[in-house]
Amino acid sequence: RFNYKAFDLLFGEGGYSLCEAVYIAKLLRQLPHGPINNDRFYVVFGDPLMKFGIPDRNITITSVNPDSLTALALTTVKGYVEDEEGGSIDENFNGDVYVTVYDATRNKAKELDQYDSLYYKLPGPRIFRGKGTVTDGLFEMSFIVPKDISYGESSAKILAYAVNDFAQASGAVDSIEVSGSNPAITDTTGPAIELKLASGNTFTGGLLRVGERLTVILSDSSGINLSGELGHGIEISFNNEPLYDMDLTDEFVYYPGSFQSGEVAFNVPSLEDGSHIMRIKSWDSANNSAMLVLNCAVGKVEDLRITGIANYPNPASSDTRFSYFLSEPVRDVSIEVYTLRGRLIETLRNQPSEAGHNLSSVWSLFDYRGDKLGNGVYIYKITASGRLIFPSEGDKDKIDGFGKLVVLK
């Protein structure tokens, strides 16, 4: 009862801070009988003037089609952002909208002793969270209801939050019924799973660093199962050791405007140096699963290296090519050619940059002015920069290697 009184004040018209709501609730509840000992157990620690960031606008959800959450059905939510006065569409509101859908309330019980149990309710698990666009005050978003829902209940709800540079708005619709399955869905394939490095490159196996940020990209025509049912989440494991198991279901976010593709990121745990097997498992809304298995290794990250620098033919008379080995792929490789006095005479850009052996394009021995090189000895520098697997800063992001070119006609 104390909580209800405090919530009424906190979310009412008074605009009270969190501390004020608690204090006034105590004052109102002690009238006319005096202080209530129970209420003395509630104390606020923190800034007494802190207020909740409650949006100053309302969102009206105009339709949910179909009007109940039907398993495997494509459901569309439409609504609008109200103007400052309330009630009308704010046709000047353009921004982002976040729609979150919750399954029906779950009944729970906690056994206190052999004679008594505590019965309570918990909000249903989140089954969708996506981002869309508000245009001229209007928005529309779609999602597929997962198979793992609370059939026969009527307490599901949909929340919406919109924001732009000038205002925020929120709204909801609740008491939504949850019904049976849509037999039209015949999906039998699990989600497509891809793992990306921080550089944006796809990771298919190899060396990783402890703490390195990786992103799992999931896509499926039926959407990704976010219901939280046991065993049906987005799970990461290493070597099947429970110590390193991760459940990322609650952190998955759909891409803007999509109900079929999204991503979730995680950091490589504190694995021991050596080889490991990473497993990424996910389920779609039709309860089809997929697993991506990758071999990886954890160890000390070596510096970027360039070795095996040479050119052929050497001596050269009409043309030559440069050869080099890279310890890892990089974003850019360039070759600069100098005279023995240090004067730059040509730069070869956008050369091959893969890990391992690389062979440059053919150079016809002309300098940047179009003159053919004369007989003599020249110095060339090969620069590799922009580490893709282990992004670095400053000098650690690039490496130089040198060689000698002899021109003899």
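**Close-up views of a predicted model**

**View 1. Leucine 365 in a loop between two strands.** Leucine 365 is placed in the loop that runs between strand E25 (356-359) and strand E26 (376-387). In this predicted model, leucine 365 is not a glycine, and yet its phi is positive, at about 65°. Because its relative accessible area is 0%, leucine 365 counts as buried.

**View 2. Asparagine 239, another residue with positive phi.** The loop between strand E15 (235-238) and strand E16 (246-247) holds asparagine 239, which has a positive phi of about 60° although this residue is not a glycine. Its relative accessibility is 26%, so asparagine 239 counts as partly exposed.

View 3. Proline 66 itself belongs to the loop between strand E1 (57-65) and strand E2 (69-71).

View 4. Tyrosine 312 and proline 313 are joined by a cis peptide bond, for which omega is about -5°. Proline 313 is found in the loop between strand E21 (306-312) and strand E22 (321-326).

**View 5. The packing of helices H1 and H2.** Helix H1 (residues 2-10) packs against helix H2 (residues 18-30) at an angle of about 125°, and their axes are 8 Å apart; the two helices are therefore oblique to each other. The crossing of H1 and H2 is right-handed. On the H1 side the contact is made by Phe2, Lys5, Ala6, Leu9 and Leu10, while H2 contributes Leu18, Ala21, Val22, Ile24, Ala25, Lys26, Leu28 and Arg29. Of the residues in this contact of H1 with H2, 10 are nonpolar and 3 are charged, with no polar ones.

**View 6. An open sheet of 4 strands.** The strands of this open sheet follow the order E12-E14-E18-E17, and their pairing is antiparallel. Strand E12 (192-196) and strand E17 (253-254) are the edge strands, each of which pairs on one side only. Between E17 and strand E18 (residues 261-267), the antiparallel pairing extends over 2 bridges, and tyrosine 254 stands opposite glycine 262 in E18.

**View 7. The surroundings of tyrosine 98.** Tyrosine 98 is part of strand E4 (residues 95-102) and, with a relative accessibility of 32%, counts as partly exposed. Leaving aside residues up to four places away in sequence, tyrosine 98 touches Gly130, Lys131, Leu159, Ala160, Tyr161 and Val163. Tyrosine 98 and lysine 131 are 33 residues apart in sequence, whereas their C-alpha to C-alpha separation in space is 4.6 Å.

Technical notes
Residues are numbered from 1 along each chain as its sequence is written. This is a predicted model: local features need pLDDT of at least 70, side-chain atom pairs count only at pLDDT 80 or more; totals for chains, interfaces and linings use all residues. Side-chain values use heavy atoms; hydrogens and water are left out. Two strands pair if DSSP finds at least two bridges between them. Axes are lines fitted to C-alpha atoms, for helices over the stretch in contact, and angles run from 0 to 180 degrees between N-to-C directions. Angles under 35 degrees count as roughly parallel, over 145 as roughly antiparallel, 65 to 115 as roughly perpendicular and the rest as oblique. A crossing is left-handed if the near helix is turned anticlockwise from the far one by less than a right angle, and right-handed if clockwise. Contact means heavy atoms within 4.5 Å. Ala, Val, Leu, Ile, Met, Phe, Trp, Tyr, Cys and Pro count as nonpolar, Asp, Glu, Lys and Arg as charged, and the others, Gly among them, as polar. Buried means under 20% relative accessible area, exposed over 50%, partly exposed in between (1.4 Å probe, protein chains only).
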